[in-house]
Amino acid sequence: MATPAITDPSGAPSLDLSTGPFSRDRDPMNTPIRAAGPAPDRARPQGPVPGQLPFPAPACAAAAPDGSAPGTPAYVHGYSDGEARRLGDQADTLSRLLHAGTAYPAGSRVLEVGCGVGAQTVHLVNGSPGALITAVDRSASSLAQARAHLAAHAPHATERVRWHHADLHDLPFPDGSFDHLFLCFVLEHLPDPVRALTAVRRVLRPGGTVTAIEGDHGSVVFHPDSPTARRVIGHQVRLQAAAGGNALLGRQLQPLLGAAGFTEVGVRPRTVYADASRPGLVRGFTRRTFIAMVESVRDEALAAGLTSPADWDRGLADLRRAAEPGGTFHYTFFKAVAVAPAARPADEAAPVAAPAPPAAAAASGRRPAGPRTA
Ligand SMILES: C[S@@+](CC[C@H](N)C(=O)[O-])C[C@H]1O[C@@H](n2cnc3c(N)ncnc32)[C@H](O)[C@@H]1O
């Protein structure tokens, strides 16, 4: 698929990267993963039944080999070992900040959408000790790592988690199969988050909740400030946009969830602030999460002609000063919780697998009912 041109909010000329590194599929191991359970009995009380897997059954035996919708753009961070480590550092460092308030009842059926290498899955199972987690991702290699990660870090919970190789736009589960949905750092990589949220809402039961957590690179404030370092962060934002994503998505969660037909949308900012008095955060977040993420797109930024090696290296060196003694770093995540409406709106009454186009949801005039603690 042709990659969209980069548009620069400052008005600088657009770059066409359709022949650049963004056009390739970075998942090297697209083998399907199969995991299945029996169809859920909607009448029984929620909870495991002895001898029976209590997970929603997939509507088909296995996903397509790469599990992705046609034309799905590449994932900007890629699927390297370094990125897997970065996701782990991020999840572990931020677990208390991001997972606080997320605890699902025993027996409830939770779908983690875009589980990646299982970095958040470990914290989900620990925060909800009796919940039944189904985790999906379009990357088979990430799913394989996720299984291993869970087995290593939460061996007590492996029986409570099922893994599925699938694209979130075409989930292999019947309508209303889950009580809760959880998405962390996924929407920011998708070209049409409203379409994605509408698609995942199909598998959520009426009254069930969705929790979505996203970052927003516009929230970055650091000391010592440096325009060169800020430009380097801007290159990452532009590259993510070129790959079909939006690194500034956190601020949009409320309207996006409303447009996708969710109600009672409540969004709370979750701020990370790191200085020398919090060495764990400096190491785990400033260095190993944020700076590592920016560092990882160096080759792409150079290949796209966004910067020169000298400017890039200078910007990175300046950014690293925020993680040195005397430096400070601030970032805000946004965590949203919303509810699936009791009845599916009339404009979506027909075939379940085909999500309503975003325009239809927006045109229906649905608006969130009120705030909710996230
Ligand atoms: C930044 S990673 C986040 C992983 C995990 N949620 C975490 O916080 O560590 C985004 C994940 O979303 C997955 N993803 C992106 N688009 C997807 C799609 N259309 N269907 C399923 N998974 C998708 C990617 O494969 C990747 O593993």
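Where is F185 found? In this predicted model, F185 is found in the loop that runs between β4 (178–184) and α4.

- The phi angle of F185 is near 60°, which is a positive value in a residue other than glycine.
- F185 has 22 other C-beta atoms within 10 Å, and because a residue with 20 or more counts as buried, F185 is buried.
- The buried residues of α4 are P193, V194, A196, L197, T198, A199, V200 and R201.

**Other backbone features**
- E264, which has its place in strand β7 (residues 263–275), also has a positive phi, near 50°, in a residue other than glycine.
- With 17 other C-beta atoms within 10 Å, E264 is partly exposed, because this count falls between the 12 or fewer of an exposed residue and the 20 or more of a buried one.
- H223 and P224 are joined by a cis peptide bond, with omega at about 0°, and P224 is found in the loop between β6 (221–223) and α5 (227–242).

**Around the ligand**
- There are 24 residues around the ligand, and among these G114, G116, A119, R138 and L168 come nearest.
- Two or more residues of this shell are given by each of the elements α1 (81–99), α2 (119–127) and β2 (132–137).
- By type, the shell residues divide into 11 nonpolar, 10 polar and 3 charged.

Conventions. Residues are numbered from 1 along each chain as its sequence is written. This is a predicted model: local features need pLDDT of at least 70, side-chain atom pairs count only at pLDDT 80 or more; totals for chains, interfaces and linings use all residues. A residue is near a molecule or strand if its C-beta atom, placed from the backbone, lies within 6 Å of it. Helices (H or I, at least four residues) and strands (E, at least two) are DSSP runs, numbered from the N terminus. Ala, Val, Leu, Ile, Met, Phe, Trp, Tyr, Cys and Pro count as nonpolar, Asp, Glu, Lys and Arg as charged, and the others, Gly among them, as polar.
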